[in-house]
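Hi everyone, thanks for making time. I'd like to walk you through one model today, so please have a look at the picture first.

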Amino acid sequence: MPKLYVIGVSTRPNRAGFPLVQWTFERAKAHGGFDAELVDLRDVGLPLFDEPNHPRLRQYEHEHTKRWSAKIDAADAFVFVTPEYNHGAPPSLINALDYLVHEWAYKPVSFVSYGGPAGGTRAVQMVKPMLVALKMMPLNESVMVPFFANSIDVHQVFSPSELQETHAKMMFDALAKWTPALVGLRA
C-alpha cells in the first residue's frame, strides 16, 4: 500500500489546530487506500535550514537532515495540515520543504488548511509554486476550515461540517488516483 504522510505543520507550543491534524490522520486511515502515518514537524525538530551544500546535491552533513531525507524519501504522498500566518505559509513548512529537493519530486500533495475567514487558503496558494518547483503534484482537492477554533470542542476534538467530510473523502480519493500514476516518474 502507498505510504501517505499526514504532516502537522504548526510547531507552536500552544498550537490550537492540532485536532485537525488528528482528524485528518484518522480520515486517512479510514480511507483504506494508504499506509498512513502522522508526521509532526514539531517532533521532527528541524532547525532553520543549516546545510552547507545545496539540497539538490544530496550531500547532507547533519543527522537531522539525513533523517528528514530518509523519512520523505520513503513517502509516496502527502497531506499538509497547515495554518495560515499573516496571510502566508508558516515558516516551519517553508523550512521543511527547503531542506530537500529530490525526495519530494513526483509525489502528490494536498492540504487541510485552517485559519480565520480565509480558512488558510492564502498559505496554500503561497506554497504551491514551491511545490511545483520541487516537482511535486499539488492537487486541487483539499479541505478548508475557516474559523477553525469554533469547530474544536473543550476536549480538543474537531467536529467537521458535512462539506469538510465530503471534501476529505474527495481529497483522499484524488491522492489514491495520483499516487500510483506518479510512481513511474520516480524511477
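**A quick tour of the model**

Let's start with Gln-156: with a relative accessible area of 44%, Gln-156 is partly exposed, and by that I mean between buried, under 20%, and exposed, over 50%, using a 1.4 Å probe and protein chains only. Gln-156 sits in the loop between strand S6 (143-146) and H6, where helices (H or I, at least four residues) and strands (E, at least two) are DSSP runs numbered from the N terminus. Its phi is near 65 degrees, a positive value in a residue other than glycine.

Before I go on, the ground rules. This is a predicted model, so local features need pLDDT of at least 70 and side-chain atom pairs count only at pLDDT 80 or more, while totals for chains, interfaces and linings use all residues. Residues are numbered from 1 along each chain as its sequence is written, and side-chain values use heavy atoms, with hydrogens and water left out.

Arg-58 also has a positive phi, near 55 degrees. You'll find Arg-58 in the loop between helix H2 (41-44) and H3, and at 38% relative accessibility Arg-58 counts as partly exposed.

Now, the inside. Which residues have the most contacts inside the largest nonpolar core? They are Trp-68, Phe-78, Phe-80, Leu-97 and Trp-104, in a core of 29 residues. A nonpolar core here is a set of buried Ala, Val, Leu, Ile, Met, Phe, Trp, Tyr and Cys residues joined through side-chain atoms within 4.5 Å. Elements giving two or more residues to this core include strand S1 (3-8), helix H3 (63-73) and strand S3 (77-83). Apart from it lies another core, of 26 residues, with Val-21 and Phe-148 among them.

Next, helix pairs. H4 (residues 91-98) and H5 (residues 121-133) pack at about 5 degrees, axes 11 Å apart; the axes are lines fitted to C-alpha atoms, for helices over the stretch in contact, and angles run from 0 to 180 degrees between N-to-C directions. H4 and H5 are therefore roughly parallel, since angles under 35 degrees get that label, over 145 is roughly antiparallel, 65 to 115 roughly perpendicular, and the rest oblique.

H1 (residues 18-31) and H6 (residues 162-183) have axes that come within 10 Å and cross at roughly 55 degrees. That makes H1 oblique to H6.

That's my tour, so over to you.
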